[in-house]
Amino acid sequence: MRILKILILTILLFSFSPFQAFADKSDDTLVIAFSREITNLDYHYGTKTEYLILGDMIDDSLFYVENENLTYAPSLASDFNVVDDVTLDVNLRQGVKFHDGSEMTSDDVVYTYNFIVTNDKNRRHKKLASWLKSIEKTGKYSVRFNLNSPYANLFNDLYRIKIRKNGIMGTDGNWDDNAQATSLNGLGPYKVISFDPGVEVVLERNESYFGGPKGNPAIKNLIIRSIPDMGTQQAELMSGGIHWMYNVKKDVGEAMAKTGKADYQIGPSLRIGFLVLDAGGYSGEGNPITKLDVRRAMNHAINRESIAKNLIGGPAKAIHTACNPVVFGCFQDVMKYDYNPEKAKSLLASAGYPNGFDLDLWSYRDKEAAQAMADDLGKVGININLRHGKLAGLNKARKERQIRAYFGTWGSSASPDTATISNIHWRDPNKGDRNLSGDPKVNELMLGAEQTLDIDERKKLYAEGLKLIAEQAYWVPLWSYSEGVLSSKDINFKQDADGYPRIWNITWN
Amino acid sequence: MIFELFAKRLFPQAFNNDLSELEPKHIFLRKSVNHLGFKFGLTMLLIIIFLGIFGPHIIGISPYEQDLTKRLLPPIWVEGGNWEHIFGTDGNGRDYLARILYGTRISLTIGFGAAFVGMIIGISLGILAGYFGGWVDQLVNYLLTCQLALPGLLLAMTVVFLIGPSITVVILVIGVLHWTLFLVVSRSATQRIRNLDYVLAANAIGASKYQIIFSDIIPNILNQIIVIFTLEVGIAILSEASLSFLGVGIQPPTPSWGLLIAEGREALFFQPWLIILPGIALFLLVVSINMLGDGLRDITDPNSKIEIKSKVEVPISNLKQNINSKK
Amino acid sequence: MLRFIAGRLIVVIAVAITLSFITFFLLNYAIDPAQAVAGEEALFEEIEQVRIQYGFDRPILERYFEWASGVMRGNFGESYYWNKSVYLLVLERAPETITLALMSVSVTIIIAIPLGILAALNPNTIIDRFALGIAVAAQAVPNFWLGLLMIILFALTFPIFPVSGDKTYFHFVLPSIVLGASSVPPVMRLMRTGLLDVVDSDYIRTARSNGFYGWNLTINHSMRNAVLPVVSVLAVQLGHKFGGSVITESVFAINGLGRLALESILGTDIPTVQILVFIFAFMFLIFNLFADILNAYLDPRLRK
């Protein structure tokens, strides 16, 4: 029995000793939180905003999006020359070093782009370079891009593709997709010290960073923690465990600010929300959504302004186009549907549904907004069964053509051009599952606008495309989001006009 | 207490002082009147059921009606609360009291439904195993071990992921994961009863297996089954709450308590009542069911030491009379 | 005795195999493995390519045997979601769950055993009712709610403990209490009834007549007999913690196996979920086996 006593005592002691068991912390260290896990350091293998932010911290590319004017500035490129519609010459900066100390030359650039284009398994970013016919080395610090056809969103893709060291991803026919997954030799203002997938990324300032449009970061050490639970993030912020968190909802932000323990900023974001409707009947021929009046009724039924104002807050507001009004090409003079439940009901009646019908609405985020919309639709007779779950479930259902209507959003992170969002959502339906319109004209117009460099021509094509989308109500455009950020009083973080968090600009107070 | 008054008025024969003339159900009633846990549990449960069924009508507010301008109002006891929304409102401006009251129906429906499914499966397998023994018993034993070793929550999630969440699916999934107690009890009871003389006699005179099962075995295990049933209802209610909490159970806007707690999670700091109130509701419901179940077990257990108190004095002379008359 | 153990072991192995097959079947039916690997942005043809490339188009039995033989050789598979071998994933996350499990059982011991003893020594008094009341309450409290409540009370209102995370052992206190609380009712009741039975027995009466009394009588003499069945129940409860810690780990942001399982299911990562279900089932079976052996050792009638 004495043994039992000793055992109990040991357990008690063990339990209450603040033993350092699993990790450590130090000075000049900024700690930020991401909700979604980072399981791969290589930006080329991830699509979430988190990966883009991380990519900007540890990688660099030929071009970069300046926050003030939302324009593209040369980054690793020193200057460039548009020779003609399908040819671009780029000169590289000299003396730029990878994290391992070696210098960047045109060999690395050529290698990177060839890798993106020829690697079959790298599906995610292969489309980025689908416009690339070939890339030639024209000098130690210069390259030439030869395009298949004119491509308007060229600079966006040149920004998205991060330059990798020559040979690091393997060779043609023998690519190693995981070469940069858990450790990364990049060109960015921070380098990776350690990486625990799904848990934490530890970064340290790259002391030999070339500066460039991002500038040199003020803070030496940076830790990114994956904290999926927003409540936990708040707690950590309050107790000093983290200094910065984003995607903060209005209620939480305001309440936290009131406690005086953190600063709350809410500004505009490029993200927009929308309902995608199965006009093409992929989920079932002749289903109610295939009828124009039904889709128009849905547009009238939802009180978007109220949701934007009360649930999202900040500068969020209702939109009427399949793009964010502030970006290039987002033509605004399209058919608009006002909030009018009575009109919605009469449209439904004329479509043959005087008593409404049942509908599964899929969603994966903004649960409160989803419920508010379900409620609005219910009031005009469309009886919603909300299928709210994780994105993976929604993607699966969409691939299996089960979805009749879903609530989606698109960030267009740091990309001030309609092309970024339309490229994904209006593609050939035989290739992808996002375009549910069933209307080949939409694909022709919206993607056609990428294939010319003539600004007027692009604007004209987008105008026609957006007008068609609105008139046929292929979508229910909902609202533009706001970006809410909570930051500790110890740091100074200024929000940018596009809502994209440029972490490397943070300084201590 | 009030309970006793009710009981005495409804079943006056039960309170006869001559204890030898009491039928089993009267004994049950007498014992239950003295079991504090049973009374408390039953009363609380009845109150909760009443609130669940009639509550929303009484307060006249719908649990589904949203008002985006009145979101996250605090309850009446927190600064800023008002009588219009006694328990405040949730993130979509819906009255919280209405939602919690309505949630009772969800919990009870799923609790009873799932326990029922579990009961059917468990009893069937248990009687089969107990009656036939041999390899049937081995097989059922094997199934039992498999069932116990299964990480239930994970499998429930996977199945719901596969089929899609709905009340029916949730009831079935929980039921299919919770039959073990029924099995154990019905199997051992069946084994015991099967070897009793009167069953062997019934067999000898040609009664079919099914006749024996239904007329002899089932009535005898009924007591224990009822006890287990009540306990399983409590377990099923908590399971549903867990599934809904994780997002793979009842879907919004249906106000399952587990779902309400999940929705309140982000507002942990500033609106803790969103979490506290539904949790209390869950706790009260399950506690009352468990107390009822425990009470039932104590009362129906022939070995328990509950007294049947007789409060009337029996004069010695009467006793003598009774003894004489029974000669 | 050895025959008993051997018999039980065979059942354990058979059950583990059955469960792993059912899980394999369910998972591959619920989630399209080719799509899970190909990722969100993949086009239809790419998914088909992946299907052929990774051999997902073969019959399920064949794929199961391939998986099973891999496991026996120590190859737990690759996780496409976490970008790691499942073996490494498990190795990294296991210590947290093990710590949590052990600490929860400690909590259970600390709460349930003294309560049980107290209740047994003072049967049918207020103390007894109080102890039983705690058992009833603990059974009715939803564990995720208890967790959130603990955070509200002991990490926010009174900032004693950290809100979440798993850096120090201090972080594990609240989660252990929550997880341990669910085991308290059965252990406490067993301790109580076990001790009550023993206290009435002959040899205790003998001891008492020999002059032993009070604490000495209880602990040294009675407990020795009463404690062994409690140990076996504790073993079973410990087995439950693997797989049963999913919610607690999720609420407290502990990066253990439970949370890994949850996020892997939500991320449709078949290889990881498959291995984890197998591990959870296996742990439970092993601890159950230990409890069975212990009981059979005490009570020879159980050695069928």
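This is a predicted model: local features need pLDDT of at least 70, side-chain atom pairs count only at pLDDT 80 or more; totals for chains, interfaces and linings use all residues.

How many salt bridges does the structure hold over all chains? Over all chains there are 39 salt bridges, where a salt bridge is a side-chain nitrogen of Lys or Arg within 4 Å of a carboxyl oxygen of Asp or Glu. Residues are numbered from 1 along each chain as its sequence is written, chains are lettered from A and ligands numbered from 1 in the order in which they are written, and side-chain values use heavy atoms, with hydrogens and water left out.

Let me take chain A and its salt bridges to begin with. The side chains of A:Lys214 and A:Asp56 form one of them, at 3.6 Å from N to O. A:Lys214 lies in the loop between strand E11 (200-205) and strand E12 (221-226), whereas A:Asp56 lies in helix H2 (residues 49-58), so this pair ties together parts of chain A that are 158 residues apart in sequence. Helices here are DSSP runs of H or I with at least four residues, strands are runs of E with at least two, and both are numbered from the N terminus. A:Lys214 is buried, with a relative accessible area of 5%, and A:Asp56 is buried too, at 1%; buried means under 20% relative accessible area, exposed means over 50%, and partly exposed is in between, with a 1.4 Å probe and protein chains only.

Also in chain A, the side chains of A:Asp366 and A:Arg365 meet in a salt bridge of 3.1 Å, N to O. Here A:Asp366 is partly exposed, with a relative accessible area of 28%, and A:Arg365 is partly exposed at 24%.

Turning to chain C, we find 14 helices and two strands, and the C-alpha trace spans about 85 × 55 × 30 Å along its principal axes. Of the 304 residues of chain C, 56% count as buried. A salt bridge of 2.7 Å, N to O, joins the side chains of C:Arg192 and C:Asp128. Because C:Arg192 sits in helix H9 (residues 184-199) and C:Asp128 in helix H6, the pair ties together parts of chain C that are 64 residues apart in sequence. Both C:Arg192 and C:Asp128 are buried. Helix H6 of chain C, residues 126-140, is also the place of C:Ala131, which is buried with a relative accessible area of 1%.

Finally, back in chain A, A:Glu464 is found in helix H15, which spans residues 455-471, and at 35% relative accessibility A:Glu464 counts as partly exposed. That is where I will stop, and I am happy to take questions.
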